[in-house]
Amino acid sequence: MRVLLTPIGSLGDNLPFLGLGAELARRGHDVTVATSEHYESLVRRCGLAFIGTVTEAEYRLATGDPELFDARKGFAAVMSRVVEYNRRLFGVVEEQMRRGPLTVVAHTLDFASRAVADKTGLPVVRVHLQPSVVRTSHAVPVTRGTIDYSFLPHWTKRGLWSLVDRIMIDPALAPGVNEIRARLDLPPVRRVFVSQIDSPLLTLAMFPEWFAPRQPDWPSKLRQCGFPLFDAPGSLEMPAEAERFLADGPAPIVFTPGSAMRFAQAFFAAAVGACETLGRRGILLTSHAEQVPERLPGFAARFDYLPLSAALPRCAALVHHGGIGTTAAALAAGVPQVVVPFSHDQPDHAHRVLRLGVGRRIMPSALAKLGSDPIFRQKWGQTPFSGASRLAAELEALLRSADVARRCRDVAALCAAEDGIGRACDLIEAAVAARGEETTAPALAP
């Protein structure tokens, strides 16, 4: 097969697709990845061809937008960029189809490939990384805050989904999606997250059933796999300074708000304060140094990046934003976690961590309340946050719990028994083979 992968988003969105691409290439397929220039070197280290869809400047501009991480404004901020991405991706798919038969392994938000598939029969396999994007009126996702609305009657939940589509999703996405469809002489669609988000060929849900049980109204062509745990070549190498820090004392606590987050000053200030309160060492992970207190004490260290699969087994706990890749890494490593969900799919992952009994949840607002201890400011040049005491209390309870430790071991064993990437590639190959010879299409643009 000639395969085009179309990831959208942060490192946690790209790594699973690179894992799929690396395995498909190992099996002899010709693989190209269309993604942001920010990840070009990572793609090429995996031995895959690269096509840029977002410039480095555009990536930095996007991650510098505070609305991107806002619980209320984040969806619109993301979707405005997704529309432009799909316009560019349409051209990429068209060009790749001119070169011969093609299969697309498409991210949830790749609507261009789905439109081309509707027109030409292009084989498209949809990949969902998060349970929250798979629509259901049974066990609905926790989308904001902490409330699980699954207890509501089915008719109420169906009505709420309809309302969400009408006032939130379609206004942001439908004009852009229908612009692409019009170029193909296809009729317009509505309820984009119902009509366009899955594939009639195959949809892969890259999370196991014990993490998100299959719901009765999920698509019939959807297949669940294990987590797509993957470290790109070279990323397993621990920096020398990090190796020294890990070896120089008791297992530290790791803190990360995600690779793209640039507005986590309160998060990191609370992290340092919690470590001091507990007498623990801490690792602060961010490539944006301006988020971290100016002068770190000896028990804390900042690193741009660490391979979580290598670092977490040597750490006591993980405090993070609730991205699906980070959540899965903690589950696989068997370490307890505190989730601080900012927006998007993160509240749902925090809820699932709680349900599994492997961690705690703190809302970001609890970490952003100003405290009054001047000693903290004198020591580290940073205004203190009373959220440090809350975070310390949650971590102490978590690390003392024998039940949590047992559940972490049990879940890590479940992860070790799965090969999410291998199963996904098996399903992709079988679906394309069963479909018959791949489709070659003429130029799509008028």
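## A residue in a loop

A residue counts as buried when its relative accessible area is under 20%, and as exposed when that area is over 50%. The structure shown here is a predicted model, and in it Gln130 has a relative accessible area of 10%, so Gln130 is buried.

Gln130 is placed in the loop that lies between strand S5 (124–128) and helix H6 (154–183). If its neighbours within four places in sequence are left aside, Gln130 is in contact with Asp13, Phe207, Ile324, Asp345 and His349.

## One face of helix H15

Helix H15 covers residues 387–400, which makes 14 residues, and from its first C-alpha to its last it reaches 20 Å, close to the 20 Å expected at 1.5 Å a residue.

Which residues of H15 are buried? They are Gly387, Ala388, Leu391, Ala392, Glu394, Leu395 and Leu398. When H15 is seen down its axis, these buried residues fall within an arc of 165°, and therefore they line one face of the helix.

## Where helices H1 and H17 cross

Two packed helices are described by the angle between their axes and by the distance between those axes. For helix H1 (residues 11–26) and helix H17 (residues 420–435), the axes come within 9 Å and cross at roughly 60°, and the crossing is right-handed.

On the side of H1, the contact is made by Gly19, Leu20, Glu23 and Leu24, while H17 contributes Ile421, Ala424, Cys425 and Ile428. Sorted by class, the contact of H1 with H17 has six nonpolar residues, one polar residue and one charged residue.

How values were computed:
Residues are numbered from 1 along each chain as its sequence is written. This is a predicted model: local features need pLDDT of at least 70, side-chain atom pairs count only at pLDDT 80 or more; totals for chains, interfaces and linings use all residues. Side-chain values use heavy atoms; hydrogens and water are left out. Axes are lines fitted to C-alpha atoms, for helices over the stretch in contact, and angles run from 0 to 180 degrees between N-to-C directions. Helices (H or I, at least four residues) and strands (E, at least two) are DSSP runs, numbered from the N terminus. A crossing is left-handed if the near helix is turned anticlockwise from the far one by less than a right angle, and right-handed if clockwise. Contact means heavy atoms within 4.5 Å. Ala, Val, Leu, Ile, Met, Phe, Trp, Tyr, Cys and Pro count as nonpolar, Asp, Glu, Lys and Arg as charged, and the others, Gly among them, as polar. The expected span of a helix is 1.5 Å times one less than its number of residues. Buried means under 20% relative accessible area, exposed over 50%, partly exposed in between (1.4 Å probe, protein chains only). The arc is that of the directions from the helix axis to the C-beta atoms.
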